[in-house]
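Reader: Before I look at the model, I would like to learn how to read its features one at a time, with each term defined as it comes up.
Author: Let us begin with the structure itself and then take your questions in turn.

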Amino acid sequence: MLPCCYKSITYKEREDLTLRPRSCLQCSESLAGLQAVRSTEQGDHDQLKELYSAGNLTVLATDPLLHQDPVQLDFHFRLTPQTSAHWHGLLCDHRLFLDIPYRALDQGNRESLTATLEYVEEKTNVDSVFVNFQNNRNDRGALLRAFSYMGFELVRPDHPALPPWDNVIFMVYPLERDLGHLSSEPP
């Protein structure tokens with residue numbers, strides 16, 4: 001469970017988080033037709049731009065200057081020259097909400113999650129990373145065990161820090177911060 005020091009989401013933030021992270025055009029898990037509709041509906045201001053690239057990890061984001069809305073963050077981890085693992089997330093008020101991809105327990109996806117968590121801890125001011133997945137997934141038990149083993153904790157569905165997403169299980173990974181560490185770094 002989340003420690004009592006976690007802030008609740010305000011009503012405005014809760015409204016903003018009714019949207020789920022969008023899948024990127026390169027992602028094999030998304031439907032191309034749905035993506036085309038989403039990209040035309042959301043306009044140019046929501047286009048993802050490269051924020052960071054090092055080693056096998058590339059981070060894409062919507063404009064982080066639009067602080068009134070959650071920021072879409074996509075983490076692409078190159079597995080081979082032809083394939084990559086993708087984690088799609090929303091950054092809101094020092095919290096990152098990540099959708100767990102299909103086949104998340106594959107070795108490549110575990111490596112990509114480790115790289116994603118390292119980036120988040122070193123390059124952002126995120127205090128906690130929430131992963132989520134549909135509660136009717138066939139691999140639900142394996143996901144709960146694997147993410148618990150990695151240090152994630154199950155979050156009760158009615159916790160005030162969670163967005164109002166239906167039929168979703170959330171787990172949280174609280175990041176320990178040195179208070180002076182990120183004083184000059186952007187979100």
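Reader: In which strand is Phe170 found?
Author: Phe170 is found in strand S8, where strands (E, at least two residues) and helices (H or I, at least four) are DSSP runs numbered from the N terminus. This is a predicted model, in which local features need pLDDT of at least 70 and side-chain atom pairs count only at pLDDT 80 or more, while totals for chains, interfaces and linings use all residues. Residues are numbered from 1 along each chain as its sequence is written, and side-chain values use heavy atoms, with hydrogens and water left out.

Reader: Is Phe170 buried or exposed?
Author: Buried means under 20% relative accessible area, exposed means over 50%, and partly exposed lies in between (1.4 Å probe, protein chains only). Phe170 counts as buried because its relative accessible area is 3%. The C-alpha atom of Phe170 is separated by 9.3 Å from that of Asn135, although the two residues are 35 apart along the chain. Of the 187 residues in the protein, 41% are buried.

Reader: How many helices and strands does the protein have?
Author: The protein has four helices and eight strands, and along the sequence they follow the pattern α-α-β-β-β-β-β-α-β-α-β-β.

Reader: Which residues have the most contacts inside the largest nonpolar core?
Author: A nonpolar core is a set of buried Ala, Val, Leu, Ile, Met, Phe, Trp, Tyr and Cys residues joined through side-chain atoms within 4.5 Å. The largest one here has 28 residues, and Phe75 and Phe147 have the most contacts inside it. Among the elements that each supply at least two residues of this core are strand S3 (71-78), helix H3 (107-123) and helix H4 (140-149), and the largest share, five residues, comes from H3.

Reader: What is the phi of Asp93?
Author: Most residues other than glycine have a negative phi. Asp93, in the loop between S4 and S5, has a positive phi near 50°, and Asp93 is partly exposed because its relative accessible area is 24%. Asn167, in the loop between strand S7 (153-155) and S8, is not a glycine either, yet has a positive phi of about 55°.

Reader: Where is Glu176 found, and why does Glu176 count as exposed?
Author: Glu176 is found in the segment after strand S8 (168-174), and Glu176 counts as exposed because its relative accessibility is 74%.
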